[in-house]
Amino acid sequence: MPIPVQAAEALSQLLGARFSQSQADRDLHGVSETFHRAPPPDAVVWPLSTDEVAAVMRICHQHRIPVIGWGTGTSLEGHALAIHGGIVIDLMKMDRVIEVRAGDLQASVQPGVTREALNTELRATGLFFPVDPGANASLGGMAATRASGTTAVRYGTMRDNVLALEVVLADGRVIRTGTRAAKSSAGYDLTALFVGSEGTLGIITELTLRLHGQPEEMAAAVCAFGTLEEAVECVTATIQSGIPMARIEFVDGDAARAFNQYAGTHLHEGPHLMVEFHGSPATVKEDAQKFGELAAEFGGQGFDWATTPEDRAALWKMRHGAYRACLALRPGATAVVTDVCVPMSHLAEAVAAAAADIRAEGLIGPMVGHVGDGNFHSQLLIMPGDEAELAAAKRVATRMAERALAVGGTITGEHGVGVGKRPLMRAQHGEGVAVMAAIKQALDPEGIMNPGKLIPDAN
């Protein structure tokens, strides 16, 4: 349904050229990183302040226009697609680092600040923001999807590093959640409610983030293993041994082959672990030695250590480029990208079962993972329009989720729900879905906030 004329006039008067119904602007905000597709939104707005976001929300609430928050557009489960039409609120012009409070290890930022931009701002302070999902995502989007990434095993996810929020609700009210204090016992934890709500409850317009001291020394390495099972069992043993990893990443043989073809590397085309240690020079050396000894027990070999900033950056650039590299294994393909998270004691069997499923379905499905916390991903390559391949990929993804739930895991440890994992929510949460729906109804009675996402339709 097109934007009502009265609403369009009000938005145009409020924002001028920062309200657009042009096809080009709409098309730019109607795309997805993966196979998910939907028509473009009916309009796009670019607010500069919380007050403007609130004014937009009041107009949309009055006219019952769906609203979808937009950051860098790098989500993987169709989170920002306008599947019911409406207006996209692009927050990337709200990109100011408001304040850095180095003494409190905190920073306050607008939602359009990206993680790389924040860390550039922090260079002179000796602090950094550690959550690293790979993409240079906006911090507002990372909070909305409860992002994590390669460093979560040591520094936690967005859940652990967001202290407070400013949020505009569906009717235009503005609330603040959390405080700058280290802890609070005052009422419901509304910050935790909005972190991971995927834009279904409100629009985040300011974040207070926890910062960390830059480590004195860092060292990273990549090592090869003979089998997938050996690599994953090494991860489990490493975590159980208490070696303090900053990152421990798994890539399978297909992913290693993709890196070689795409980035010109020379990895053995089998399973690998990529690891990183943070600390003092002495502790980093000791931790790296312990890991090397442990990895050798599981057949790890060919250690390639990177201690200079340039070498470490190259190593993690390769890992962060896995999505594009793996797509290049099958030119013209798109992907069903899925992730699950399981207790560490079940990680090896979960990864092995997923690999067997991918082979049985005849798919190419490279696997990578932030396996230090039991989270792994598969990128199932399919040709656009091939319904049989899409169905096969969805079967693999569903079985991965079902196995994760059977051992006490989750249907997604990082990617979020969006539209892609929405049908699986009842299997994980049972009656908890009704509680989520009640919260949604209380905060968004008109159902305009990112409709069709996260919470399944009532049966």
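Biologist: How many residues in the lining of the second largest cavity are nonpolar, polar or charged?

Modeller: A cavity is a set of points, on a 1 Å grid over the protein atoms alone, where a 1.4 Å probe fits but cannot get out, and its lining residues have an atom within 4 Å of a point. For the classes, Ala, Val, Leu, Ile, Met, Phe, Trp, Tyr, Cys and Pro count as nonpolar, Asp, Glu, Lys and Arg as charged, and the others, Gly among them, as polar. Here the lining of the second largest cavity divides into seven nonpolar, no polar and one charged residues. This is a predicted model, in which local features need pLDDT of at least 70 and side-chain atom pairs count only at pLDDT 80 or more, while totals for chains, interfaces and linings use all residues. Residues are numbered from 1 along each chain as its sequence is written, and side-chain values use heavy atoms, with hydrogens and water left out.

Biologist: Which residues line the second largest cavity, and which elements give two or more residues to that lining?

Modeller: The lining consists of Val-340, Val-342, Ala-350, Ala-354, Phe-376, Met-400, Arg-403 and Ala-404. Two or more of these residues come from each of α14 (347-360) and α15 (387-406), where helices (H or I, at least four residues) and strands (E, at least two) are DSSP runs numbered from the N terminus. Helix α15 gives the most, with three residues.

Biologist: In what order do the strands of the five-stranded open sheet lie?

Modeller: Strands of a sheet pair through backbone hydrogen bonds, either parallel or antiparallel. Two strands count as paired if DSSP finds at least two bridges between them. In this sheet the order is β5-β6-β10-β8-β9, with antiparallel pairing, and the edge strands, each pairing on one side only, are β5 (97-101) and β9 (174-178). Contact means heavy atoms within 4.5 Å, and angles run from 0 to 180 degrees between N-to-C directions of lines fitted to C-alpha atoms, for helices over the stretch in contact.

Biologist: What is the order of the seven strands in the other open sheet, and which helix lies across β12, β13, β14 and β15?

Modeller: The order is β15-β12-β14-β13-β17-β18-β16, again with antiparallel pairing, and its edge strands are β15 (301-306) and β16 (334-341). Four bridges join β12 (residues 217-224) to β15, and Ala-221 has Trp-305 as its bridge partner. Helix α11 (residues 281-297) lies across β12, β13, β14 and β15, running at about 155 degrees to β14. Helix α14 packs on the sheet as well, touching β13, β17 (367-370) and β18 (375-382), and its direction makes about 5 degrees with that of β18.

Conventions
1 Å grid on protein atoms, 1.4 Å probe; cavity = no way out; pocket = protein on both sides within 12 Å on 5 of 7 lines; lining within 4 Å.
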